[in-house]
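Take a look at the protein below. This report walks through a few of its sites, one at a time.

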Amino acid sequence: MAKMFDLIIINAVVVTASDISACCIGVKNGKIRALVDSFDDEELSGAEVIDAEGAYVMPGGIDAHVHLCQDLKTGPHGLGGECADNFETGSLSAIAGGTTTIITFATQTRAEEDRSLLKVVETYNSRAEETGSYADYGFHIIIVRNDQDILENELPVLVKDWGISSCKLFLTYETQRLTDSQLLDVMFEARKNAITTMIHAENGDMIEWLTGKLEEKGMVAPYYHALSRPPIVEGEATTRAIALAQLIQNPILFVHVGSVLGAANVRRAQTMGLPVYAETCPQYFHLTWNDLKRFHSPTCFENSKMICSPPPPPSTSDHEELFVGLSNGTFTIYSSDHCPFRYDHPHGKPSGVLEHPESMEGETISEGHDLKNLLERKQGAFRFIPNGIPGVETRLPLLYTGALATGRISPQRFVELSSTNPAKLYGLYPKKGALMPGSDADFVIWHPEKSFTPFHLHNSMLHHNVDYTPYEGMEFVNWPRYTILRGKVMWANGKVVGTVRDGQYLKRGPSQLSHKSPRTDKDPYRVANWLYE
Ligand code: DUC
Ligand code: ZN
Ligand code: ZN
């Protein structure tokens with residue numbers, strides 16, 4: 001007799017964005033087929049059975065902000081290091097941390113040959129196909145110019161042929177930032193195509209001005225990266241972007257919101273009924289400015305390991321306020337912003353300073369130099385250091401340890417932030433982000449809490465291609481025991497059991513979260529609604 005299920009999970013405490021229930025799950029052909037109290041012998045016959053032993057079983061994590069194989073030009077002069085992870089290593093790290101879907105970035109550049117967004121996506125897709133992926137994956141497109149012909153001709157094709165329904169726009173970085181009117185151009189075309197606009201909200205002029213002033217005073221060590229980007233930098237940019245988006249009635253999502261001020265601006269806009277959403281990331285709950293002077297000596301280059309943009313908030317009291325935003329709905333999604341650069345590698349964190357040796361206080365850096373030793377002695381100017389930290393593998397365990405286990409958020413909110421809302425926001429729901437019949441059988445199964453001994457994390461335990469983790473030595477109270485992708489076990493009891501050919505490309509639909517703003521949309525004194533008449 002043909003088996004009824006391929007995989008059965010018993011003794012599960014199933015958590016969705018709305019409910020928790022003790023039950024069993026039956027999977028057939030990669031889809032969830034049944035959620036029931038128990039299965040009989042006939043149903044169990046021939047199925048692989050996993051005993052969750054009373055642990056939480058959640059929809060597989062969706063990390064909607066991951067940089068892999070990306071041409072990263074994030075320094076103020078367009079300097080960036082080499083992205084340390086490709087689709088193989090990055091997705092491996094994802095599944096080892098309970099994440100079954102990643103959305104990565106394909107970036108246009110200002111170079112004429114990168115004008116075509118379609119060509120950019122083809123290039124990035126071939127990078128993914130070259131290695132394959134352990135996780136299902138999709139792309140956001142980064143748009144850094146406002147060519148009308150490209151926007152008009154190519155955005156509809158991106159949506160229809162590639163299922164790319166989101167774009168990221170920058171308000172900072174010389175090589176990426178758009179002026180206000182360019183931002184309006186792109187948002188206007190994106191809106192016509194129901195493409196979700198993601199915004200990196202930092203005021204580039206403020207950063208550049210403060211950086212110059214810090215440099216005049218010789219304050220160039222990695223720590224001063226944070227001082228060049230105080231919370232008002234995000235505060236101003238979020239306020240401005242909200243106004244621009246409101247003007248043309250465009251929904252927006254702020255990526256990597258890391259300041260209390262940014263979060264408050266988002267909250268205020270939401271209270272006005274505007275379609276404004278926000279992503280936040282682990283570094284804004286676990287790191288502070290002090291971590292940028294944590295290593296070796298307060299001014300040495302090793303502190304570059306913590307440089308990311310926006311930087312972590314100034315103090316732990318900010319963490320507490322941000323945790324409130326995590327529980328009260330201000331933050332819509334929780335992503336990693338995994339932006340991997342190696343530390344002890346000439347193409348990693350040191351790449352920019354090696355190109356500008358004057359920033360190493362006159363030291364000549366030659367072939368075969370003991371880089372690590374040099375970097376511990378010197379500071380290097382922060383303006384040349386690539387911005388980004390790794391975190392795709394630690395994202396869910398940090399949310400568990402910092403927010404769920406401490407009672408700051410409920411299990412349901414955990415699922416909403418880490419899986420269901422990203423699926424809805426980026427047009428993947430209910431294929432992804434749901435535990436219901438017909439959804440993809442993507443699961444993260446945790447250890448039963450009582451049987452898990454907390455441990456201290458070391459980078460050697462992780463699967464990314466980065467030589468450090470910002471969370472080295474931190475205590476974790478749980479870790480994914482199984483990660484299951486479309487019914488296939490990928491990660492079990494600390495071992496990778498899936499293959500790099502298991503992940504599939506995801507064509508996405510329009511956002512299912514974006515809404516119109518009933519309060520302001522019809523008010524001609526607030527919005528330019530005549531644009532659409
Ligand atoms: N923005 C990102 O999204 N990631 C890393 C650096 C940056 O500026
Ligand atoms: Zn960004
Ligand atoms: Zn990023």
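## A buried asparagine

Leaving aside neighbours within four places in sequence, which residues is Asn250 in contact with? They are Met187, Arg191, Thr197 and Ala245. Keep in mind that this is a predicted model.

Asn250 sits in the loop between α8 (231-247) and β11. Its relative accessibility is 3%, so Asn250 counts as buried. The side chain of Asn250 also makes a polar contact with the side chain of Thr197, at 3.0 Å.

## The zinc ion, ligand 2

Three protein donors lie 2.1 Å from the zinc ion (ligand 2): Lys168 (NZ), His200 (ND1) and His256 (NE2). Along the chain, the donors follow the spacing K-x31-H-x55-H. His200 belongs to strand β10 (residues 196-200), while His256 is in the loop between β11 (252-254) and α9 (260-271), so the pair ties together parts that are 56 residues apart in sequence. Both His200 and His256 are buried.

## The zinc ion, ligand 3

The zinc ion (ligand 3) is 4.4 Å from the zinc ion (ligand 2). Its coordinating residues are His65 (NE2), His67 (NE2) and Asp337 (OD), at 1.9 to 2.0 Å. Here the donor spacing reads H-x1-H-x269-D. Both His65 and His67 are buried.

Where is Asp337 placed? Asp337 is in the loop between β13 (333-334) and α12 (351-355). With a relative accessible area of 9%, Asp337 is buried. Asp337 has a positive phi of about 50 degrees, although it is not a glycine. Most residues other than glycine have a negative phi.

## Around ligand 1

Which residues are around ligand 1? They are His65, His67, Lys168, Tyr173, His200, His256, Ser309, Asp337, Cys339 and Asn387. By type, this shell divides into two nonpolar, six polar and two charged residues.

An N or O atom in the side chain of Tyr173 is 2.5 Å from an oxygen atom of ligand 1. For Asp337, a polar side-chain atom lies 2.9 Å from a nitrogen atom of ligand 1. For His200, an N or O atom in the side chain is 3.4 Å from a nitrogen atom of ligand 1. Taken alone, ligand 1 exposes 240 Å², and the protein buries 99% of that.

## Backbone details

Tyr173 is found in the loop between β9 (166-170) and α5 (180-192). Tyr173 has a phi near 75 degrees, a positive value in a residue other than glycine. At 5% relative accessibility, Tyr173 counts as buried.

Most peptide bonds are trans. A cis peptide bond joins Ser309 and Pro310, with omega about -10 degrees. Pro310 is in the loop between α10 (283-286) and α11 (316-328). Another cis peptide bond joins Tyr429 and Pro430, where omega is about 0 degrees. Pro430 lies in the loop between α15 (411-425) and β14 (443-446).

## An alanine in helix α9

Is Ala269 buried or exposed? Its relative accessibility is 2%, so Ala269 counts as buried. Ala269 is found in helix α9.

Beyond its neighbours within four places in sequence, Ala269 is in contact with Ile242, Leu274 and Val276. Ala269 and Thr330 are 61 residues apart in sequence. In space, 9.9 Å separate Ala269 and Thr330, C-alpha to C-alpha.

Key:
Residues numbered from 1 in each chain as written. Chains lettered and ligands numbered in written order. Predicted model: local features only at pLDDT ≥ 70, side-chain atom pairs only at ≥ 80, totals over all residues. Heavy atoms only, no water. Donors = N, O, S within 2.8 Å, 3.2 Å for Na, K, Ca; no water. Helix = DSSP H or I, 4+ residues; strand = E, 2+ residues; numbered from the N terminus. Buried < 20%, exposed > 50% of the residue type's maximum accessible area, 1.4 Å probe, protein only. Contact = heavy atoms within 4.5 Å. Polar contact = N/O pair within 3.5 Å; in protein donor to acceptor, adjacent residues only side chain to side chain. Near = heavy atom within 4 Å. Areas by Shrake-Rupley, 256 points an atom, 1.4 Å probe, with all protein chains shown as cover. Nonpolar A, V, L, I, M, F, W, Y, C, P; charged D, E, K, R; others polar.
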